[in-house]
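Hello,

Here is the structure I said I would hand over. Please have a look before reading on.

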Amino acid sequence: MRFSVLTLFPEMFSALRVGGIVKRCVDRKQLSIDTVDIRAFATDRHRTVDDRPYGGGCGMVMKPEPLVAAIRHAKEKHPEDRVVLLTPQGRLLDQGLTKELAECSGLVLVCGRYEGVDQRVRNRWIEDEISIGDYVLTGGELAAMVVIDAVTRMIPGALGNACSAEDESFSTGLLEYPHYTRPRSFEGDGVPEILMSGDHGRIEQWRRRASLIETLMKRPDLLQTAALESGDVTFLETLYRELETIMDKLR
Ligand code: 4HQ
């Protein structure tokens, strides 16, 4: 996987080289992250990259010439790479989109600043628009780093251990079950006995049920799109009937 990041703040991306899985993938050459400084493509004496909006109003707009020169520069080397703009108007990033992006040979991530980029650049050059969530950032850089991070862990072998990203709970569309490690007792709090039983069948069932409860309590909307098995629905029906019994007594 190859990322070319177009930004006015290339030094922000050094955060990805400090440590962790992204750095390890870069070191192993499973991943490359090349930053392109948009300001380097400005041609005037002041290296101007923004200008006032036509029609007036507050804020500035990224001017087209340096940005398009930077996109052309990135596309020159790898014309097949998909040009993606980070914007609240884009497709909401979820695990499904992350997997789709991981199938690309390369992505050109365009990070806007100010009020955004000139619409003509979007019309001519932007192939896809992605949002990391319904809130407003001061620039696309942190959104680009989120995309890089989430896509990187989908690269085969990226996670290092024997388990793949597929094994983890979110690929089932459910929230993760609770995790525990040593010590057996921590400040008076124990660990669910079942996890120390060595009975892998019962542990699997406990974890699945814990995931279902976690999802029901914290993100019930996810149950609509999760890959539920018939046993899952049976378990949720059991919970529902138990709650009904309790409620009947309260009423
Ligand atoms: N932006 N997901 C960059 C975002 C954003 C988001 C606002 C993009 C500011 C200049 N990007 N402009 N949410 O809030 O991707």
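Below are the findings, starting with the chain and ending with the ligand site.

Please keep in mind that this is a predicted model.

The protein chain has seven helices and seven strands. Read from the N terminus, their order is β-α-β-β-β-α-β-α-β-α-β-α-α-α. The radius of gyration of the protein chain is 24 Å, whereas a compact globule of 251 residues would have one near 18 Å. Along the principal axes, the C-alpha atoms fill a box of roughly 75 × 50 × 40 Å. Of the 251 residues, 37% count as buried. Of the contacts between residues at least 6 apart in sequence, 72% join residues at least 24 apart.

Now the ligand. It is surrounded by 16 residues, of which Ile132, Gly133, Tyr135, Leu137 and Ala143 are the closest. By class, this shell has nine nonpolar, six polar and one charged residues.

A backbone N or O atom of Ile132 is 3.0 Å from a nitrogen atom of the ligand. For Gly133, a polar backbone atom lies 3.1 Å from a ligand nitrogen, and for Tyr135 the corresponding distance is 3.0 Å. On its own the ligand has 360 Å² of accessible area, and the protein covers 94% of that. Two or more residues of the shell come from each of β5 (82-92) and β7 (128-131); β5 gives the most, with three residues.

Regards

Technical notes
Residues are numbered from 1 along each chain as its sequence is written. This is a predicted model: local features need pLDDT of at least 70, side-chain atom pairs count only at pLDDT 80 or more; totals for chains, interfaces and linings use all residues. Side-chain values use heavy atoms; hydrogens and water are left out. A residue is near a molecule or strand if one of its heavy atoms lies within 4 Å of it. A polar contact is a pair of N or O atoms within 3.5 Å; within protein, one must be able to donate a hydrogen and the other to accept it, and residues adjacent in sequence count only if both atoms are side-chain atoms. Accessible areas come from the Shrake-Rupley method with a 1.4 Å probe; for residues, only the protein chains shown count as cover. Helices (H or I, at least four residues) and strands (E, at least two) are DSSP runs, numbered from the N terminus. Ala, Val, Leu, Ile, Met, Phe, Trp, Tyr, Cys and Pro count as nonpolar, Asp, Glu, Lys and Arg as charged, and the others, Gly among them, as polar. The radius of gyration is taken over C-alpha atoms; the globule rule is 2.2 Å times the number of residues to the power 0.38. Buried means under 20% relative accessible area, exposed over 50%, partly exposed in between (1.4 Å probe, protein chains only). Contact means heavy atoms within 4.5 Å.
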